[in-house]
Amino acid sequence: MSTRDLFTFSNRHFTVGVGITAAILVVTAIAGFVVLPFAQPWVQFANVWDAICSAAGVPQRAASVTAPEQTKRLSEVVLTSRTLSRPSQEAIGRGATLAQRCAICHGPTGISRADSPNLAGQYAAVIYKELHDFRSGARTNAVMSPFAVNLTDQEIADLSNYYAYLPRLPAYHPTPLLPKPNIVIYGAPMRGIAPCGACHGSLDNKTGSPWLEGQSEVYLKAQLQAFASGERRNDISQQMRNIGRAMTPQEIEAAAAYYASQPPDVVKAVD
Amino acid sequence: MLVNRKLILAHFWLAFGVFGIALTLGAWQMFIRSPIGTWLSNPELYYRSLTAHGTVMGYVFPTLVAMGFGYAISESALEQRLVGVRWAWAGFWLIVAGSVMAVIPIALGRASVLYTFYPPLIGNVFYYLGVVLVVVGSWVWVALMSVNLRVWRKAHPGAPVPLAMFANVAGSYLWAWTAVGAALELLLQIIPVAAGLKATIDAGLARIFFSWTLHAIVYFWLMPTYIAYYTIVPRAIGGRVYSDSMARISFILFLVVAMPIGMHHTFADPQVGAGFKFIHSAFTALVALPTLLTVFTICASVEIAARLRGGRGMFGWTRALPWDNPMMLALAFSFVMLGFGGAGGLINMSYQLDASIHNTQWITGHFHLIFGGAIVIMYFVIAYDLWPHLTGRELIDIRLIRTQLWLWFIGMIVTTFPWHWVGILGMPRRMAYFDFADPAIAPQALSVTLSAIGGFILLASGIMFIVILARGMRAPQVDAGPYRFAIAVHQPATVPVALNTHALWVALMIALTLTNYGYPILNLALSEGTSVPAVYVGAQ
């Protein structure tokens, strides 16, 4: 008998093999798509086809449910791999001119003397996102919001590229280096807190997270408290609000003091 | 007749070399996240190591063992020189090139995505291209196995294909088809994003493609072990295969039902319909069938050997077995680990029971027990058995071999039993660090410590294995004679065409893939808005 004779119904092996396989498939399909859906008393199906579609995972839109109305604005920033790629010298120059109006708080070299964030050498994506959020109202600040509200997309990109271009200078009042507290390198796994350093430097950096070394202790503390209270809400998916809420006041103090004490030139050079 | 010994030895040495490196990394990982290690404050290093460990142990090591063993089977079972030796070497060098290409980005921390890829996590494109080269290299082997069988059939029309070669080719076809899932995921989804052509990825669809590969790949790893059960063990202990037909049916069943069951890995995934999860769960239950058939047939074959050696009584014959024979020892260890691992597997495939252990350390314990234990211990004895035929030198350290096998068995039990246990307690997998000072998980510290000690026992056993093989290269020369496989009680004179060819079963395998995967894949591929932004490893 050759292979050609294999695929005929007169071959017992073919009939039995295909028959058993098909029978198992049919039985399991009936069980999975018809019997079991109807065995769930908490789900109502209009008819058998409805049950089959549900078990097959056909996407369904529930018509009666409307999205909850959004009372506060959320961050709408979209960052792609091309948004801030390869800035020209002109773009950086335009950013430098625009940055003169930022210097009153953020310092002429991007190092603040007023407990505002140091921007010199900050990741472009971070400045880009925060300026957009200030402009859209996703993040608000009595001083900052009026500055951002009239910026164009081009101006925001230029400013981001200019500050990212500046060298990371030591903070204006460097404090003695502190040892790494647990919250920065271990987090608090049992309370769902990832280590600060896993996103913000010291261990690793994740896209969109600022590096924090040498930032003002007062500023860092205020931001963590604002996240915890829900006053600041431009973190997509609430990751910082969840962390802020779970942190103890001591941990907030420790994290802020540690990052403030670090020189910014230790920031992991990955960009 | 083993002609291309260098080719086979090259596969084995590369396999066991990378195995040694990955084993060392594995032991270090066990140590560093246990209470006895000091946390290194850098999770990225841990995941880098984990990616290397998984990539080598999942893709490179077992593939090379299956290939080397496959070439040996083709030459000695068919008694015909390997056709396409140059192609075989090309496949080997593709795997070398792919491994190097994949390992460099991993070592640089640019591809810490773990061997299961986990999109939307995206690493350096060369990591994925390296994996693709490894798979392409192994497809060369698949083609050669098919060609060699065809050449033999032409010379022996209608004759029964030797069992070892029949099973070997079944394994190669299973691998060819199951690797398609991961290949589709890499080529259609991941590589375009890693190369910068796209910025979003359909993570749910990618996971379905990967599940296509991820479960049946285990049966590809298992094939050399099952071939050893049926065609080496009975000969090595002086018995016979109880039933040649039963063996063929087992391998055929693997071909048909190993494939359409991968979605039991995605029980917790919302993008898969519950009906398909149920079908996959039911077919997963069926895959226990060939294993039960095998355990029965091999126990019967072993009993034949024992009774030939004068064993008596209902169970008394077990005392007459050659327990000092490494093959007998390894078989017993392998069956014990397969028993426990298989029982755990029944829990994983049950939708409701899975919910309690999904994504916990139970799963890691489970696949280390099955793959690292039941399967790899047979890889060891396959190498021991083949070595004198490949090198023309005797392996003289029988006592050392027995110690090595004992240590591997003990090490694997000590590693994986506590691992299962902490999984039941809820310890998640893929974590770089646990704070055992916290009262909530402090009671798990003892289990995790035991597990880490088991890891070091395994490392010691792995080093002994490599030392034994290396010493075997310099031992006195002997003539080991031709390499033979076990014969059955009733050697088949004729075999029905369905049990002598693979076509029908490959057709059923592909048909079941279409029924069980077709709709879920099309549904996601054609739906709008199922993609998410990629998360680039090491990017700022």
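Modeller: Domain bounds are taken from an automatic or database domain assignment. With that in mind, let's walk through this predicted model. In chain A, the assignment gives domain 1 (8-56), domain 2 (89-165) and domain 3 (182-266).

Biologist: How many Å separate the centres of domain 1 and domain 2 of chain A?

Modeller: Taken over C-alpha atoms, the two centres are 61 Å apart.

Biologist: What radius of gyration does chain A have, and what would a compact globule of 271 residues have?

Modeller: Chain A has 29 Å, whereas a compact globule of 271 residues would be near 18 Å. Buried residues account for 33% of the chain. Its secondary structure consists of 12 helices and 0 strands.

Biologist: Now chain B. How many helices and strands does chain B have?

Modeller: Chain B has 17 helices and 4 strands. Its radius of gyration, 23 Å, is close to the 24 Å from the globule rule for 540 residues, so chain B is as compact as a globular protein of that length. The C-alpha trace spans about 65 × 50 × 45 Å along its principal axes, and 53% of the residues count as buried. Among contacts between residues at least 6 apart in sequence, 86% in chain B join residues at least 24 apart; for chain A that share is 63%.

Biologist: Which members of the largest nonpolar core touch the most other members?

Modeller: That core has 178 residues, and Leu174(B), Leu255(B) and Phe380(B) touch the most other members. Setting aside neighbours within four places in sequence, Leu255(B) has contacts that include Leu174(B), Trp505(B) and Met509(B). Another core lies apart from this one, with 40 residues, including Cys199(A) and Met240(A).

Biologist: How do I read a helix such as H9(B), and what covers its buried residues?

Modeller: Start with its span. H9 (residues 274-286) of chain B has 13 residues and reaches 19 Å from first C-alpha to last, close to the expected 18 Å. Then look at burial: Phe276(B), Ile279(B) and Phe283(B) are among its buried residues. The cover includes helix H1 (12-38) and helix H2 (48-56) of chain A, along with several helices of chain B, one of them H17 (503-526).

Biologist: And the contact itself: how many residues does each chain give?

Modeller: Chain A gives 37 residues and chain B gives 37 residues. On the chain B side, helices H2 (43-77), H9, H16 (497-500) and H17 each supply at least two residues. H17(B) provides the largest share, 8 residues. By type, the side of chain B that touches chain A has 23 nonpolar, 11 polar and 3 charged residues.

Methods. Residues numbered from 1 in each chain as written. Chains lettered and ligands numbered in written order. Predicted model: local features only at pLDDT ≥ 70, side-chain atom pairs only at ≥ 80, totals over all residues. Core = buried A, V, L, I, M, F, W, Y, C linked by C-beta atoms within 7 Å. Buried ≥ 20, exposed ≤ 12 C-beta atoms within 10 Å, placed from the backbone. Contact = placed C-beta atoms within 7 Å. Rg over C-alpha atoms; globule rule 2.2 N^0.38 Å. Expected span 1.5 Å × (residues − 1). Nonpolar A, V, L, I, M, F, W, Y, C, P; charged D, E, K, R; others polar.
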